[in-house]
Amino acid sequence: DLYLRTELLERIAHELRGPAGVTLGALDEIERALNNPDGADSHALLVMARRGAKRILRTADRLTRTAQLEAGALHLM
């Protein structure tokens, strides 16, 4: 019970904070590039943003599966 309230929640926060920060940074750079066409390569920044968003979604999917397993609503074969 204590594990769920402390370490697990801290790990989840860490897993979300990293890709969210990368995604926001990439979006900031894309915004700057759009204001200055001679700036950074927007394609690489979009790839970074997309990768970060996918990591966040994977973490959310893991949380959903874990909750379903704990509730007995999901059975793995």
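Read along the sequence, the chain follows the pattern α-α-α. It has three helices and zero strands. The model is predicted. Its pLDDT averages 79 over the chain, and 84% of the residues score at least 70. Helix 1, residues 2-5, has the lowest mean pLDDT among the elements, at 68. Helix 2 has the highest, at 83.

Start with helix 2, which runs over residues 7-35. Helix 2 has 29 residues. From its first C-alpha to its last, helix 2 reaches 42 Å. That is close to the 42 Å expected at 1.5 Å a residue.

Now move on to helix 3, residues 42-71. Helix 3 has 30 residues. Its span from first C-alpha to last is 44 Å, close to the 44 Å expected at 1.5 Å a residue. Just after helix 3 comes Gly72, which takes a positive phi of about 80 degrees.

Next, look at what is buried. The chain has 77 residues, and buried residues make up 13% of them. In helix 2, the buried residues are Ile12, Pro19, Thr23, Ala26, Ile30 and Ala33. What covers these residues includes helix 3. In helix 3, Leu45, Ala49, Gly52 and Thr59 are buried. Here the cover includes helix 2.

An α-helix has 3.6 residues a turn, so residues three or four places apart point the same way. Keep that in mind when reading the lists of buried positions.

Take Thr23 first. Thr23 is found in helix 2. Thr23 counts as buried because its relative accessible area is 13%, under the 20% cut-off. Which residues does Thr23 contact, leaving aside its neighbours within four places in sequence? They are Ala49, Gly52 and Ala53.

Thr59 lies in helix 3. With a relative accessible area of 5%, Thr59 is buried, because that value is under 20%. Leaving aside neighbours within four places in sequence, Thr59 is in contact with Glu15 and Leu16.

Ser42 lies in helix 3. Is Ser42 buried or partly exposed? Its relative accessibility is 24%, so Ser42 counts as partly exposed. The range for that class lies between 20% and 50%. Ser42 touches Ile30 and Ala33, not counting residues up to four places away in sequence. Both Ile30 and Ala33 are buried residues of helix 2. Ser42 and Ile30 are 12 residues apart along the chain. Their C-alpha atoms are separated by 5.7 Å.

Finish with the largest pocket. Its volume is about 190 Å³. Helix 2 and helix 3 are the elements that give two or more residues to its lining. Which residues line this pocket? They are Leu8, Arg11, Ile12, Glu15, Thr59, Arg62, Leu63, Thr66 and Ala67. Helix 3 gives the most, with five residues. By class, the lining has four nonpolar, two polar and three charged residues.

How values were computed
Residues are numbered from 1 along each chain as its sequence is written. This is a predicted model: local features need pLDDT of at least 70, side-chain atom pairs count only at pLDDT 80 or more; totals for chains, interfaces and linings use all residues. Side-chain values use heavy atoms; hydrogens and water are left out. On a 1 Å grid over the protein atoms alone, a cavity is a set of points where a 1.4 Å probe fits but cannot get out, and a pocket is an open set with protein on both sides within 12 Å along at least five of seven lines; lining residues have an atom within 4 Å of a point. Grid points are joined across faces, edges and corners, and a volume is the space filled by probe spheres set on the points. Helices (H or I, at least four residues) and strands (E, at least two) are DSSP runs, numbered from the N terminus. Ala, Val, Leu, Ile, Met, Phe, Trp, Tyr, Cys and Pro count as nonpolar, Asp, Glu, Lys and Arg as charged, and the others, Gly among them, as polar. Buried means under 20% relative accessible area, exposed over 50%, partly exposed in between (1.4 Å probe, protein chains only). Contact means heavy atoms within 4.5 Å. The expected span of a helix is 1.5 Å times one less than its number of residues. pLDDT is the predictor's confidence in each residue, from 0 to 100.
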